[in-house]
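User: Can you walk me through this one? I'd like the fold and the overall dimensions.

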Amino acid sequence: MIKGIGLDLVDLDRIQKLVERQPKFVERILTSEEKKRYATLSDKRKVEFLSGRFAAKEAFAKAMGTGIGTHVSFQDIEVQNDASGKPYISKPIQNGVHLSITHSTLTAAAQVIIEE
């Protein structure tokens, strides 16, 4: 049974401008594990990665029915990749959570489905 569905769309330029104006934005969004991968990427790929993680975390919070804020923060949610590169939510819950992230030249989007 589906508990929740979340979808989020992010403008890459918006994220890039946020990082330029507020470098601590990266610290606010990415967990320490996510920052390790982020540090290895090219500048263009960093924007895509950060935008995708932002969208995934927003989509997860929407699927939970809470949104980002009182019940869950960006630091509470972690996105990792499996051996084949597929992204997945590794915390706060992993079982029954399905994640898809996509990018275009202008946007990043993520969808999360949570099963009970």
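This is a predicted model: local features need pLDDT of at least 70, side-chain atom pairs count only at pLDDT 80 or more; totals for chains, interfaces and linings use all residues.

User: What's the order of elements from the N terminus on?
Analyst: The order is β-α-α-α-α-β-β-β-β. Helices (H or I, at least four residues) and strands (E, at least two) are DSSP runs, numbered from the N terminus.

User: And the strand order in the open sheet?
Analyst: The three strands are ordered 1-5-4, with antiparallel pairing; two strands pair if DSSP finds at least two bridges between them. Strand 1 (2-11) and strand 4 (97-103) are the edges, each pairing on one side only.

User: How many bridges between strand 4 and strand 5?
Analyst: Seven, with strand 5 covering residues 107-115. Serine 100 has glutamine 111 in strand 5 as its bridge partner.

User: Which strands does helix 4 touch?
Analyst: Helix 4 (residues 43-64) packs on the sheet and touches strand 1, strand 4 and strand 5. Contact means heavy atoms within 4.5 Å. The helix direction makes about 150° with that of strand 1; axes are lines fitted to C-alpha atoms, for helices over the stretch in contact, and angles run from 0 to 180 degrees between N-to-C directions.

User: Changing topic: what does the C-alpha trace span?
Analyst: About 40 × 35 × 25 Å along the principal axes.

Terms used. Residues are numbered from 1 along each chain as its sequence is written. Side-chain values use heavy atoms; hydrogens and water are left out.
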